[in-house]
Amino acid sequence: MQSREFEEWLAEFQQLRLPLWSEFPDLELYMDQVISEINQWLNPLLDVKITKTMINSYVKMAIIERPDKKRYRRDHLAELIVVSIMKLVFPLEVIKQGISQALANEVASRAYDQFVALFNTEIANINAQLTVNEFNLKEEPLHIVQKVAVKSVIYKLIGTKLVTLEDSDSI
C-alpha cells in the first residue's frame, strides 16, 4: 500500500468540513442551484454528486420536505446533506426516522448544526487517542445514535480509500 499517499489523503480529508446552517444561502433556490450548492460541499467529502433524480426521489419518499413552488430553502439543503452522508451506512427509511426524531426535539437549524458540529469534530480528530469508543451512556439515545452514525460514515470513507489505494498498488 502507498502509505505516503494515504497519509496525504488523510491529512486533506481531516480538513474537510460540512457547512453550518448560517453558511447556506439565505434565499430560496431552484433545483440546479441546490444541486450546485450541495455538490460543492459533498463532492470533496464523498466523491459523489447529488442529482435531480435523487432529490426528486427523496421528496417523493417524504424523506425531505416538498419544495414550495419548486424553490428550496435552507432546511432542504440541510436535509439533503444529512441524507447524502447517512445513506452510506443506513437505509433511507432509517434516515427518515432519524431526521423526524431530531426535528421533534429541536428546530431544524439547531438540529442540523449539532449534527455538523459532531461530524466536523469527528473528522478533525480521526487520529486522536480515545475517540473510537468514547460514548457516555447517560446521553440522550438520539445523540448516541448520531455519534455512531457519523463514526460509521467517516470510517467507511477511510476504509474505502485504503482499499482503493491497495487496488492501485496491485495493478
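**Pockets and their linings**

Modeller: Fifteen is the count to start from: the second largest pocket is lined by 15 residues, and those nearest its centre are Trp-9, Leu-45, Leu-46, Asp-47 and Leu-157. This is a predicted model, in which totals for linings use all residues, while local features need pLDDT of at least 70 and side-chain atom pairs pLDDT 80 or more. Residues are numbered from 1 along each chain, and side-chain values use heavy atoms, without hydrogens and water.

Biologist: What makes Trp-9 a lining residue of the second largest pocket?

Modeller: Trp-9 is among the 15 lining residues, so it has an atom within 4 Å of a point of the pocket (an open set on a 1 Å grid, where a 1.4 Å probe fits, with protein on both sides within 12 Å along at least five of seven lines).

Biologist: Which helices supply at least two residues each of that lining?

Modeller: They are H1 (3–13), H2 (31–46) and H7, and H7 gives the most, with five residues. Each is called a helix because it is a DSSP run of H or I with at least four residues.

Biologist: Which helix gives the largest share of the lining of the largest pocket?

Modeller: H5 does, with eight residues, although H4 (74–86), H5 (92–105), H6 and H7 (141–169) each supply at least two residues there.
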